[in-house]
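Work through the exercises below with the model open. Each task is followed by a solution in steps.

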Number of protein chains: 2
Amino acid sequence: MQIDTARSPFARLKTIQLDHVHLDQGFWSGRQEINRKISLKHAYRKLHDSGNFNNLKLAIGTGEGEYRKPVFMDTDIYKWLEAVSYDLVNHPDAALEAMANEAIDLLAAAQQPDGYLNSYFQVVEPEKKWQEIAMGHELYCAGHLIEAAVAHHRLKGKSRLLDIACRFADHIDATFGPGKRDVVPGHPEIEHALVELARECGEPRYLRLAEFMVDQRGHGKMIGWTPFDTAYHQDRVPVREAQVVEGHAVRQMYLLSGVADLYLEGGDPSLLAAAERLWQDMVGRKMYVTAGVGARHYGEAFGEAYELPSDTAYCETCATIANMMFNWRMLAITGEARFADLIETALYNGFLSGISLDGQRYFYVNPLLSNGGIERPEWYGCACCPPNVMRQIALLGHYIATTRQGGLQVHQYISSSLEADLGLAGQVKVRLETPYPWQGKVSLTIEETPSAPWELALRIPSWCRAATLEAGGSLSDVSASAGSYARLTRAWRAGDVVELKVRLEPRLIQPNPRVDAVRGSMALAYGPLVYCLEAGDQPAGVSLADLRLDPSAPLQAAFRADLLGGVVEIKAHGWVEDMSSWKGTLYRPLPAGSPALESVELTAIPYHTWANRGPDQMRVWIPLK
Amino acid sequence: MQIDTARSPFARLKTIQLDHVHLDQGFWSGRQEINRKISLKHAYRKLHDSGNFNNLKLAIGTGEGEYRKPVFMDTDIYKWLEAVSYDLVNHPDAALEAMANEAIDLLAAAQQPDGYLNSYFQVVEPEKKWQEIAMGHELYCAGHLIEAAVAHHRLKGKSRLLDIACRFADHIDATFGPGKRDVVPGHPEIEHALVELARECGEPRYLRLAEFMVDQRGHGKMIGWTPFDTAYHQDRVPVREAQVVEGHAVRQMYLLSGVADLYLEGGDPSLLAAAERLWQDMVGRKMYVTAGVGARHYGEAFGEAYELPSDTAYCETCATIANMMFNWRMLAITGEARFADLIETALYNGFLSGISLDGQRYFYVNPLLSNGGIERPEWYGCACCPPNVMRQIALLGHYIATTRQGGLQVHQYISSSLEADLGLAGQVKVRLETPYPWQGKVSLTIEETPSAPWELALRIPSWCRAATLEAGGSLSDVSASAGSYARLTRAWRAGDVVELKVRLEPRLIQPNPRVDAVRGSMALAYGPLVYCLEAGDQPAGVSLADLRLDPSAPLQAAFRADLLGGVVEIKAHGWVEDMSSWKGTLYRPLPAGSPALESVELTAIPYHTWANRGPDQMRVWIPLK
């Protein structure tokens, strides 16, 4: 999940590693603190209780009882280890360190002498190793091991987990490849992991193996049993020929992350063209307003163009995360704000809804409409999402800014202190202070700077209608830069302060009329946040289904410190429709007269905070009258 | 599927058997003729080609090759045999008769000495007999055998198939029941079949067995492996406690048919109350405007209340058929027009869309919106629907009219000749002549009558805004009877003519605003027919998604003999929306200006005729501007 584009030849923007980014007091530091103090330890207990650690012990010979499925249980450990590795960089914690070492000890002991490591196939079906490539998830597990190992090595400087990962990667490289066995991983993940491993180790073999895996797709080479079709496995057409995002959403997004990573290293324009084409298809036809993807429960899959139902939306938390991973790589390649915009939408909406405010409960599926009865469970039988959320929160600092020769680009407005090398004589140190996303003021203080001039680029969000930038006593209107970057090039001095003011105000979002599912409805938003109604905030006894929004009335936004840990609430005028004239029927002839409406005040909260006060009715898209 | 309520103590209305109903030239006789000449013979070939007959031969010991799944392949034969039995009543056909006898010979030879008969378990898993009740479908197969046998005996007067069925039923009765084994059939079907068998044989044991099976539900007694939940199997709660229709739609509707049948024989008010409650839930919250049911592909299941997406609608043809079966029984119980109304809606829409105009291709799934690419295949690997359509068309005469002491009730306006016993001295013979559903005139001629007075009841469809009834020179406005029956009681004389005129005109249907999926849209209808747009009928190069309907402009209907075998076409005024201002995006802020619209004429065809000219885009619900 990490990405180090510092030496990638085709990266326009370079990554600032996490040890050079410290989150300061603000919206996200609070989330990181809960992640550190609550979630990562909660996960450790769950990995014990759910049998993940015991599965490894069974492989070692010290386990008890039966193997606990699914077959990719090892990945929960890997993602958690990756999250812990990120978190320990800036926040040493002896207890977490010990937990991580316990896991690494188990992995070291479980690994076979030939480098193979997969608790399921070692314990349950040793004769099936590398036979069930479609659904066996061995390469998917290997990919997550590699990602954890790279994070652990890069940030902690420790090679023990990296050695395990390299031995497994070497085993895989000895098994699959040109002149060896064909392979199409049933669940993409290892591709971008191998690219990262190649970056970390400076070993081009891993890069070539990733290329081989991507190139093999779409030629009918999938091996092993699967209940799903080739589109599900991203194997219907060769990657470069793909015209649309399709099939299993997480698989599609992980694959595109790998494709973008391969472009970053090799510069093959046909890979970038495919990634761009599929991005356009997703963003223009198949993405929810929350940046969630995957319209269908069956196959956890993309639907057809404009098939975006609110109630049966899938929007797996892992898919939103994978969407951010893909977009982060596209941002590194292009430097274009649209990718950072999408990451912002995902972070504050489809991603953050995946975790409860208390950090102990998780959504797998993130619908945009609930008729009630939906709450976040503490864990899942298939628990891919919770540790994926944890590693995402732990590496958040990563998304704030990037560099290029003579330039610093700020993408996400998160209170933090950054240190970056712009290729000039001397480091750049800056401090970002902001009450974002509740208020739109961002103060950026230059704390250290080379004497040579450099460019500061600040993303002006695409939803922004008015923004000003003040630097060195001069104020400029940068509203026209919405959807791109406001840029200031000068010889900065320590102590310089740049102040960006993005107007945050409640607004209405209209859906494309081709989306049948939300026709005649609007969504409320405030800055990067998509809003929703929960029934408990509305007049008593009213079903959310019967509320109508008045799009012509002014919207009121106010911060409420007492609500949901402190959020901006939106008030809107609307009506409740009296449904009695329908007499319990579903259909009736026209003309039927005007609906009977009673004026009401609607109260909306940020979508990501829903279902934190019980399993209430919820809806993002509010019908007009 | 047949039902003989003639001796049912709790039937308000009595069935007229098919040998007393002859379809005359008209809409449905054409369908029956295609069924007879094309479909039933097409099915015979498919039953050979798909291995159904060979499966039975494998059970006998004369088959070749492998068993061909699914496990309920026998039912395709049974449903086809049932259809053939109905059809032969009024249309002797030596070739069809020989085909049916060939099948019966195979069944007789395959049946075990103990009465057991199921090719799958006899051939493939003999050790699993009666062990996989959840998914094994043995009792489902038995139910269809019984239905075929009852039809064959009742209408053909032949006992050979009935003997096979009774021997199997006796075997089942010896295996399951109080003091024997518990049993919850994984797929309801045998329940109403056993009630019919009890009626046909005058054997109360079969009735008690059906009661036992219904009463066992909802107590955690399902046996055998299943990937589905208890709701899918109609086993989540006891039948009498069920509040909502849920789970697999065909299973739910077959179960309710059995429940209604048990009420017809035993009069248990708690059964009728449950059936009525679930009917209300279905009709008021979970049924498509086509009378299709089952909103979800996953589990072929009912969705939540108001979850009625058009594109991903399931609406299995078998579910619409099962819906008619349930409603037919409710009509017999109550005599209320709402049940006959629903049957009419199903017949002309969700059911009839299941078969192509040429009688050789079949829909399993009947969506209300297609983005193109959907056509009826000739047959299915799981071919439950095609022979179910065939038996439905073959027994259509059944739905036309019923009797009660001193009364004849006409429910469906189909050209036909009927002979009925109203419990008076002498038979009633009537002839119905009508160009329905294209024109609304129905002439009913009394050809023979007892001298005693009797009541003629004519259903005035609920959608009808104006109707007149002329009898004996007096004309009366019966518009107020829409949704119930216009009733005439008099001493009829042979030669009397009653003329009903139902105004047929195009109209708009508005959906309940709680149905998010079709908000801001209207459907077109004409009489009982729901209409749809196909792209090929609209201005060239326009996507159906961009068309808007003008609900204030007059609608024009005209019969077009050259179109789709002769249909009434509806023309409406509308617009095409220029989507270029969206620039390929899915969401945008308000205000965004008015949509750019260009006036166009929209052309609609009956929904059931869609996809007969290629796999075009189609939509039933048309957005307003």
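**Exercise 1: a helix pair in chain A**

α8(A) and α9(A) are roughly antiparallel to each other, because angles over 145 degrees count as such. Task: state the angle and the axis separation behind this, and the handedness of the crossing.

Solution. This is a predicted model, in which local features need pLDDT of at least 70, side-chain atom pairs count only at pLDDT 80 or more, and totals for chains, interfaces and linings use all residues. Residues are numbered from 1 along each chain as its sequence is written, chains are lettered from A and ligands numbered from 1 in the order written, and side-chain values use heavy atoms, without hydrogens and water.

Step 1. Helix α8 of chain A (residues 190–201) packs against helix α9 of chain A (residues 204–216) at about 165 degrees, with the axes 8 Å apart.

Step 2. The crossing of α8(A) past α9(A) is left-handed (the near helix is turned anticlockwise from the far one by less than a right angle).

**Exercise 2: the contact**

Task: which residues of α8(A) meet α9(A), and how do the contact residues divide by class?

Solution. Step 1. Contact means heavy atoms within 4.5 Å. From α8(A), Ile190(A), Glu191(A), Leu194(A), Val195(A), Leu197(A), Ala198(A) and Cys201(A) take part.

Step 2. Their partners in α9(A) include Tyr206(A), Leu209(A) and Met213(A).

Step 3. The contact has twelve nonpolar, no polar and one charged residues.

**Exercise 3: the two copies**

Task: what rotation superposes chain B on chain A?

Solution. Step 1. The rotation is 180 degrees, with 0.0 Å of shift along its axis and an RMSD of 0.0 Å.

Step 2. The two copies are therefore related as by a two-fold rotation axis.

Step 3. Ala517(B) has the C-alpha nearest the axis in chain B, at 2.3 Å.

Notes
Least-squares fit on C-alpha atoms with pLDDT ≥ 70 in both. Axes fitted to C-alpha atoms, helices over the stretch in contact; angles between N-to-C directions. Helix = DSSP H or I, 4+ residues; strand = E, 2+ residues; numbered from the N terminus. Parallel < 35°, antiparallel > 145°, perpendicular 65-115°, else oblique. Nonpolar A, V, L, I, M, F, W, Y, C, P; charged D, E, K, R; others polar.
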